[in-house]
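The structure is shown first.

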Amino acid sequence: MPAKNHLSQVQKENLITLLKESESSHIREKALILLLINDGKTYQEISDFLEIAYTTVAYWAVHGDPDNPDSFLDKRSLGNFRKATAEYEKILLETIDKNPEEYGYEFGRWTAARLATYLEKVTGIKLSGSQVARILRKKKYVYIWAKYSLEDKQNPLLREAFKQKLAEYLKITMESPERLQVWFWDESGFSLRVIRRKNWGKKGSRKKITGQRRRGRVNLMGGVRYQDKKRLNFVIKKGDANTFYEQIKSLNNLLIQEWYEQGNSGRKFEDSGVKIVIILDNASYHKKKDILMKISSEMPHIILEFLPPYSPDYNLIELVWHSAKEYIAHRLFESVEQLEELLHKLLNEGELVIQWERKIKNKGNAVCLV
């Protein structure tokens, strides 16, 4: 606490002038605090006299400069305090104009959340992705989403016929799941690089993003069961006919094991009459004749139903892929192993919460079969 009579005559006169002439009651109050301290009053006495907080008196006793009237100004009058400093914004704009791989990351685009995470490491300032997005919008940046569609390639008659057949399958499996299971099957890749084609760029221009996705990629093959949304996914090196056969066989073995665990140990699964319908696309290795013959002879209870051409919107697992990619899109991964571990937790251990009733756009069509 400053001593009694610590102010010089000039300082006292400056404070008295502020007390008399300032239009701000806050500045007059701070000047009076210093004058009362100079008269020997204690912090508590001044607090009681002015009916203000003790800590306010203590703060201005130290930070109020009698030689500098500007020290009494409330800095909030200049605008709200912002965590994002001018230096932060400068680094943000420098970062967004460079590819993430220049900073050692494997993904190919910046999202607001990834930028927030990276800049926290660099500057120590923690902002949310939405706060970073607001800064970028003020700087005239936009998050551009590419337009694409498959509707001009689709056959409406084939789609309508398949839709009716699928509706019948789904009706049966919901009424009698012990008779029929419907699985939606597909393959997908999850990359540390370009996952989605949105990217921050200056308004009025579009930034080119490399299409190279092979580095840091995890390939999955799997399915989702309609009636209970059970998911099974397998990490694969690449999608080909032999891999497809092996994974269908793995799925079949897991379903047989599940059937026995339900108390059906008295008879063979093959004799139970259970049918397994697998909905899948028209990838060439899905239709390889020798593989189809092996599946038919070894697993006759499995029925493969192929989607109409260019109709991924009838495949419910597209919603699973979309939700998983949406979940990981804003996260930083240091290795493929980290990505693979997270995908296992999300897709096989049930940690990914999916809003099955939502509609998502998939190449121009909304995926929603619920």
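Two strands count as paired if DSSP finds at least two bridges between them. Strand β4 (residues 217–225) and β5 run antiparallel and are joined by six bridges. The model is a predicted one.

**Sheet**

Along this pairing, L220 stands opposite V235 in β5, and the bridge partner of M221 in β5 is F234. β4 and β5 form a hairpin that has five residues between them. The turn contains K229, whose phi is positive at about 60°.

Five of the six residues of β5 (residues 231–236) are buried, so β5 is largely enclosed by the rest of the structure.

**Nonpolar cores**

In soluble globular proteins, nonpolar side chains tend to be buried together. Here the largest nonpolar core has 33 residues. V182, F184, F190, I279, L339 and L347 are the residues with the most contacts inside this core. At least two of its residues are supplied by each of α8, β2, β4, β6, α11 and α12 (336–347). Helix α11 gives the largest share, six residues. A second, separate core has 26 residues, including A241, F244, I276 and A283.

**Aromatic rings**

A search of the whole structure finds 12 aromatic pairs. In one of them, the rings of Y59 and W60 have centres 5.0 Å apart and planes at 85°. Planes over 60 degrees apart count as edge-to-face, so the Y59 and W60 pair is edge-to-face. Elsewhere, ring pairs link Y103, Y105, W110 and Y118 into a cluster.

Two charged side chains are placed over ring faces, as tabulated below.

| Charged residue | Ring | Distance from ring centre |
|---|---|---|
| K287 | F306 | 4.9 Å |
| R331 | Y327 | 4.0 Å |

**Positive phi**

Which backbone angle is positive at E51 although it is not a glycine? Phi of E51 is about 55°. E51 is placed in the loop between α3 (43–50) and α4 (54–63). With a relative accessible area of 72%, E51 is exposed.

K229 also has a positive phi, about 60°, although it is not a glycine. K229 lies in the loop between β4 and β5. Its relative accessible area is 19%, so K229 is buried, the cut-off for that class being under 20%.

Terms used: Residues are numbered from 1 along each chain as its sequence is written. This is a predicted model: local features need pLDDT of at least 70, side-chain atom pairs count only at pLDDT 80 or more; totals for chains, interfaces and linings use all residues. Side-chain values use heavy atoms; hydrogens and water are left out. Buried means under 20% relative accessible area, exposed over 50%, partly exposed in between (1.4 Å probe, protein chains only). Helices (H or I, at least four residues) and strands (E, at least two) are DSSP runs, numbered from the N terminus. A nonpolar core is a set of buried Ala, Val, Leu, Ile, Met, Phe, Trp, Tyr and Cys residues joined through side-chain atoms within 4.5 Å. Rings of Phe, Tyr and Trp (its six-membered ring) pair if their centres lie within 6.5 Å; planes under 30 degrees apart count as stacked, over 60 as edge-to-face and the rest as tilted. A charge sits over a ring if NZ of Lys or CZ of Arg is within 6 Å of the ring centre and within 35 degrees of the ring normal.
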